[in-house]
Amino acid sequence: MEVWNGKEGKKSGKKNLQLHVMMLPTILFLIVFSYVPMVGITIAFQKFNPAKGLFGKNKWIGLENFRYIFSLPNTKQVVINTLVLSVSKIVIGTLLAIAVALLLNECRNRILKKSVQTIIYFPYFISWIILAGMIGDMLSPSSGILNQLITALGGKPIYFLGDNRYFRTTLIISDLWKTFGYNSVIYLAAITGIDSSLYEAAAIDGAGRWKQILYVTLPGMSMIIILMSVLNMGNILNAGFDQVYNLYSPGVYESGDIIDTMVYRMGIEQGQLAPSAAVGLLKSVVSLLLIAGSYYIADKKFDYKIF
């Protein structure tokens with residue numbers, strides 16, 4: 001049975017006070033930029049007139065903005081595009097990151113390993129604005145290096161960023177190029193945490209490198225793999241606004257338009273603030289439910305705690 005010591009409690013409070021003060025700027029930033037703007041959610045249920053302001057006497061119309069969104073002819077395609085892109089990025093990106101982590105772990109040349117890590121990590125730290133320009137130059141139908149190679153082999157140039165048949169694949173591949181190296185760090189860290197005695201026991205039993213990967217490394221990574229997959233559920237409706245906005249054009253809306261870009265066009269370019277707020281709110285609610293469900297599963301199945 002523990003006995004409460006008042007002096008020790010006061011000392012602990014004074015010690016933690018510094019930590020609480022250090023957190024204060026972050027808490028204020030979160031309140032100002034994340035919670036205060038939530039007042040604007042109300043315009044999703046109004047016939048909003050910007051001239052009257054956020055607190056003006058705007059007419060309340062209930063769920064009419066939501067009905068309007070679902071009545072638009074392109075809403076279904078936008079949702080499909082978002083799900084296809086996000087799920088493809090999550091699934092393929094996870095498999096690729098695991099494969100790269102396994103390959104890097106098998107590399108015994110330290111210099112080569114570090115060099116490869118640096119090369120594949122580098123794109124992650126480049127913004128999509130810069131990468132979009134690079135990708136546009138590389139995939140140009142007239143002067144792009146890839147189309148020059150296709151032409152040299154006897155094929156016809158392909159407009160990767162302007163043809164609906166290729167644009168979605170281009171988005172997925174370019175996202176993988178940017179992120180797979182950085183994501184592999186998580187799985188490489190999981191591999192280094194595996195007990196080396198397991199590899200020694202497997203080697204004594206006659207297991208080669210491939211079987212050690214199959215029966216030691218992958219099972220040792222399984223918890224992290226499943227956990228990361230579950231936690232990624234919350235990102236299913238986030239297909240990458242920065243990437244899509246910097247690469248797409250009206251000609252590929254059919255295959256590349258996603259929820260975030262539709263909200264941007266409606267709210268910023270077309271001035272339909274209330275319907276765009278309704279779309280954003282609906283997406284946020286669904287994402288919240290997915291994130292809550294994923295954390296619940298992670299807690300119950302894998303004993304993962306948020307705090």
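Residues are termed buried when their relative accessible area is under 20%, exposed when it is over 50%, and partly exposed in between (1.4 Å probe, protein chains only). By this criterion, the buried residues of helix α12 (residues 259-269) are Ile-259, Asp-260, Thr-261, Met-262, Arg-265, Met-266 and Gly-267; helices are DSSP runs of H or I with at least four residues, numbered from the N terminus. Just after α12, Gly-271 adopts a positive phi of about 75 degrees.

The model is predicted, with local features requiring pLDDT of at least 70 and side-chain atom pairs counted only at pLDDT 80 or more, whereas totals for chains, interfaces and linings use all residues. Residue numbering starts from 1 along each chain as its sequence is written, and side-chain values use heavy atoms, with hydrogens and water left out.

A nonpolar core is defined as a set of buried Ala, Val, Leu, Ile, Met, Phe, Trp, Tyr and Cys residues joined through side-chain atoms within 4.5 Å. The largest such core comprises 20 residues, and those with the most contacts inside it are Leu-85, Phe-167, Leu-171 and Leu-247. Two or more residues each are contributed to this core by α5 (128-138), α7 (164-192) and α10 (241-247). A second, separate core of 19 residues includes Ala-101, Ile-191, Ile-213 and Met-221.

Ile-98 lies in helix α3 (residues 75-106) and counts as buried because its relative accessibility is 9%. Beyond residues up to four places away in sequence, Ile-98 is in contact (heavy atoms within 4.5 Å) with Tyr-187, Leu-218, Met-221 and Ile-225.
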